[in-house]
Amino acid sequence: MRDDLMQGILEYLLTIPEGKVVTYKQVAEYLGNPGYARIVGNLLHVNPDPERYPCFQVVNHKGRLAPNFGFGGAEAQKIRLERDGIRVSEDYYVDLEEYQWKEG
DNA sequence: AAGTTGACGACGA
DNA sequence: CTCGTCGCCAACT
């Protein structure tokens, strides 16, 4: 189960355009389980691959970065996002209206 | 096995 | 926006 979800998550991450972000819920819906929002975060936490997958492009529904992001905390995530052209506030918030990836 | 935790979301105040 | 509460489900203890 965990492996299937993980594969779906990583696959979805790869579909996110650079300079855009998605919410955990969007990933959950992609997996076919809207209630998996926290599962997505949990799985990415136990199985992080920031060197391979843009997990830093995933934010919560408030557009905020993960406060306990591994590999340097939100600070590292903020840098990665700005590196992709995404402006992040000093409070680690992104403008969802501007950067949230809308599939349609 | 049973209880707690958590990179979350939605609703109410 | 913040704060508290409930629901959700895999991972951890």
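Here is a short walk through the model, stop by stop.

**Before you click**

This is a predicted model, so to speak of local features pLDDT has to be at least 70, side-chain atom pairs count only at pLDDT 80 or more, and totals for chains, interfaces and linings use all residues. Residues are numbered from 1 along each chain as its sequence is written, chains are lettered from A and ligands numbered from 1 in the order written, and side-chain values use heavy atoms, with hydrogens and water left out.

**Stop 1: colour by confidence**

The mean for chain A is 90, and 97% of its residues reach 70 or more. Helices (H or I, at least four residues) and strands (E, at least two) are DSSP runs, numbered from the N terminus.

**Stop 2: the aromatic rings**

Now look for ring pairs: Phe, Tyr and Trp (its six-membered ring) count if their centres lie within 6.5 Å, with planes under 30 degrees apart called stacked, over 60 edge-to-face and the rest tilted. How many aromatic pairs does a search of the whole structure find? There are two.

Select Tyr12 and Tyr30: the ring centres are 4.7 Å apart and the planes at 35°, so the pair is tilted. Tyr12 sits in helix H1 and Tyr30 in helix H2 (residues 24-30), 18 residues apart, and the pair links distant parts of the chain. Tyr12 is buried at 2% relative accessible area, while Tyr30, at 37%, is partly exposed. (Buried means under 20%, exposed over 50%, partly exposed in between, using a 1.4 Å probe and protein chains only.)

Trp101 counts as buried, at 18% relative accessibility. Show Tyr12, Tyr30 and Trp101 together, and you have a cluster linked by ring pairs.

**Stop 3: Gln77**

Jump to helix H4 (residues 74-83) and pick Gln77. Is this residue buried or exposed? Gln77 counts as buried, at 1% relative accessibility. Follow the side chain of Gln77 to the backbone oxygen of Val58, 3.4 Å away. For the surroundings, display contacts (heavy atoms within 4.5 Å). Leaving out residues up to four places away in sequence, Gln77 touches Cys55, Phe56, Val58, Leu65, Ala66 and Phe69.

Definitions and conventions: Polar contact = N/O pair within 3.5 Å; in protein donor to acceptor, adjacent residues only side chain to side chain. pLDDT = per-residue confidence, 0-100.
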